[in-house]
Amino acid sequence: MPSVEYSMTGTDKLRNALLHLLKATPERMAAQVHGMAEEAMTESKKRTPVDLGDLKRSGNVKPPVVTKDSISVRMGYGDTAVNYALFVHEDVNARHKVGRSHYLSSVIDELRPKFLIKLLVRMSAHYKDLG
């Protein structure tokens with residue numbers, strides 16, 4: 001499956017706070033990142049062109065991969081039954097009755113500027129719940 005990678009950056013203070021939380025609670029942070037990816041996929045599916053629905057149903061979010069200083073989540077559309085996902089995603093000239101081009105990247109582009117803040121808020125809420 002073709003992939004697109006996005007790198008999200010922020011202020012040094014915010015990044016350092018998140019790196020500290022990552023080292024302290026990697027599983028919890030990974031769950032939050034995965035949850036945000038699932039939410040992005042849900043929004044993306046609202047924008048996905050629909051003919052028979054195979055493309056929309058092929059949208060998926062893989063489990064997070066955690067390293068000592070990063071968390072990554074792979075998400076995308078298409079599989080062996082739906083090998084046209086990239087073509088539909090990139091075809092800005094196509095007119096769809098339902099959906100639009102860039103149905104996944106548009107959601108990621110909207111999330112990117114606020115991703116780190118949203119993650120920090122979610123992690124803070126978790127710690128408040130603990131007492």
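Lysine 46 is exposed, with a relative accessible area of 60%, where exposed means over 50% relative accessible area, buried means under 20% and partly exposed lies in between, as found with a 1.4 Å probe on protein chains only. The model is a predicted one, in which local features need pLDDT of at least 70 and side-chain atom pairs count only at pLDDT 80 or more, while totals for chains, interfaces and linings use all residues. Residues are numbered from 1 along each chain as its sequence is written, and side-chain values rest on heavy atoms, with hydrogens and water left out.

Lysine 46 belongs to helix H2, as does glutamate 43, three residues away and so about one turn of the helix apart; helices here are DSSP runs of H or I with at least four residues, strands are runs of E with at least two, and both are numbered from the N terminus. Helix H2 covers residues 26-47, 22 residues in total, and spans 32 Å from its first C-alpha to its last, close to the 32 Å expected at 1.5 Å a residue, the expected span being 1.5 Å times one less than the number of residues. Among the buried residues of H2 are Met29, Val33, Met36, Met41 and Arg47.

Arginine 47 and glutamate 43 are separated by about one helical turn, because they stand four residues apart in helix H2. An α-helix has 3.6 residues a turn, so residues three or four places apart point the same way.

Arginine 47 is buried, with a relative accessible area of 13%, and forms a further salt bridge with glutamate 110, the closest N and O atoms lying 2.8 Å apart. Because glutamate 110 lies in helix H5 and arginine 47 in helix H2, this pair ties together parts that are 63 residues apart in sequence. Glutamate 110 counts as partly exposed, at 42% relative accessibility. Through shared partners, the salt bridges join Glu43, Lys46, Arg47 and Glu110 into one network, and the whole structure holds six salt bridges.

Helix H2 also contains methionine 36, which counts as buried at 3% relative accessibility. Leaving aside residues up to four places away in sequence, methionine 36 touches Leu111, Phe115, Lys118, Leu119 and Arg122, contact meaning heavy atoms within 4.5 Å. Methionine 36 and phenylalanine 115 are 79 residues apart in sequence, yet 8.7 Å apart in space, C-alpha to C-alpha.

Elsewhere, the structure holds one aromatic pair. The rings of tyrosine 77 and tyrosine 103 have centres 4.9 Å apart and planes at 90 degrees, so the pair is edge-to-face; rings of Phe, Tyr and Trp (its six-membered ring) pair if their centres lie within 6.5 Å, and planes under 30 degrees apart count as stacked, over 60 as edge-to-face and the rest as tilted.

Conventions. A salt bridge is a side-chain nitrogen of Lys or Arg within 4 Å of a carboxyl oxygen of Asp or Glu.
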